Amino acid sequence: MKTIAYPNPSEWPELLERPALDNDTLSKTIDEVLSTVKVKGDEALLSYARTFDNIVLDSVVVDKSQVEAASSLVSDALKKAIEKAKGNIETFHQSQRVPVNKIMTSPGVYCWRKQLPIERVGIYIPGGSAPLFSTVLMLGIPALLAGCKEIVLCTPPGKEDGINPVILYTANLIGIEKIYAVGGAQAIAAMAYGTESVPQVYKIFGPGNQYVTAAKQWVNREGIAIDMPAGPSEVAIAADDSAVPAFVAADLLSQAEHGADSQVVLVSTSKPMVEAVQKALALQLDRLPRKAIAAKALENSKAIVVKDRDTMLEMINAYAPEHLILSVEDCDDFAEQIVNAGSVFLGNFTPESAGDYASGTNHTLPTNGCARAFSGVSLDSFMKSVTFQKIDEAGIKDLGPTIEIMAEAEELIAHKQAVTLRLDHLAQ
């Protein structure tokens, strides 16, 4: 990691810039894939499986026998771990339910807001070098708790062994039945437009590579909802002299190994701490199976020394990280001043990987500075809110004149007339 000491605030925007995705280069490919799937359906999906995944499929539908066979390929220890994570994620997301609260805004006027599930949702689960079965839990559980009627899961077919069995096991465990062996931009197209096999959905969730990300943004412009704008994964760590250098290095590397385009940022008030972390990074990196990927990510990453705690806080809020680890004294007090972050991890014993897998919070989070305005996935993400109102005779008599005056002022006389007719009827 490159170390920068005491940068001027005018340098921060450039210093904290994320690795750029070259969406212009992607546009031609994305346009071609989406339009082909839209027209040719399953035929296009099978063709792209041969072209991109180097696999010949008879169908993209994953049948029940494949799913059932997957269970025997997953170790008991992993099954137990998945069960524990499942319980924590269910508990946290179940707590997010919002009760219906009927309010009388004025005499005889009643208003309320009710959450309803999005009927059809699509979940994309990456299955390349790191098959993210944990994302099946993070997206499938709130979708099921919300009551979504149709949940479609797409994940890439493996070149030799098919879909990773842990992905199939996890999907089956939580009750997802519609699983399709489709990856990349073509999976997003299939869920957005529908094919002979893959149902069309109303909202698409899930992480992916730059092609998946660009495809999601593309279909979003065409009216298909997506979970959030997404880019490469990232973590920022605030560390002072109370931090443990080996822990900080491990947390930086756990994010860096996601992909070569990931970014990790260390902000510290202590030069000796930064130096100690750099040494720990070198030692730990050498032992990683994904060393090459993590090393490439570190090239996009920075260790920044700042003069004091207030500057550290200001820089972090300016960066708006997807994940934020607070390895500082009085971390609870510090956390209260965080306004821009996807998910925050407090103290030396709260690694970011806890949120990735099993603490209960969701790991599908806003990246690329979007935490300034976007939240991570929650139960709400799989629901929409509908407002209701009911006005009785006394209510329309009380509120009617207000509506009439306002409608007339806006020169919308039919609006006024809709009230006047009712008032006249009641006056008879």
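Biologist: Is Tyr-6 buried, partly exposed or exposed?

Modeller: Start with the cut-offs. Buried means under 20% relative accessible area, exposed means over 50%, and partly exposed lies in between (1.4 Å probe, protein chains only). Tyr-6 has a relative accessible area of 48%, so it counts as partly exposed. This is a predicted model: local features need pLDDT of at least 70, side-chain atom pairs count only at pLDDT 80 or more, and totals for chains, interfaces and linings use all residues. Residues are numbered from 1 along each chain as its sequence is written, and side-chain values use heavy atoms, without hydrogens and water.

Biologist: Where does Tyr-6 sit, and what is its phi?

Modeller: Helices (H or I, at least four residues) and strands (E, at least two) are DSSP runs, numbered from the N terminus. Tyr-6 lies in the loop between strand 1 (2–5) and helix 1 (12–15). Its phi is near 50°, a positive value in a residue other than glycine.

Biologist: What about Asn-368?

Modeller: Asn-368 is not a glycine, yet its phi is positive, about 60°. Look in the loop between helix 15 (352–357) and strand 14 (383–391). Asn-368 is partly exposed, at 45% relative accessibility.

Biologist: Which residues touch the most other members of the largest nonpolar core?

Modeller: A nonpolar core is a set of buried Ala, Val, Leu, Ile, Met, Phe, Trp, Tyr and Cys residues joined through side-chain atoms within 4.5 Å. The largest here has 73 residues, and Leu-34, Cys-154, Ile-176, Met-191, Val-198 and Phe-382 touch the most other members. Helix 6 (residues 133–146) gives the most to this core, with 9 residues. A second, separate core of 24 residues includes Ala-243 and Leu-266.
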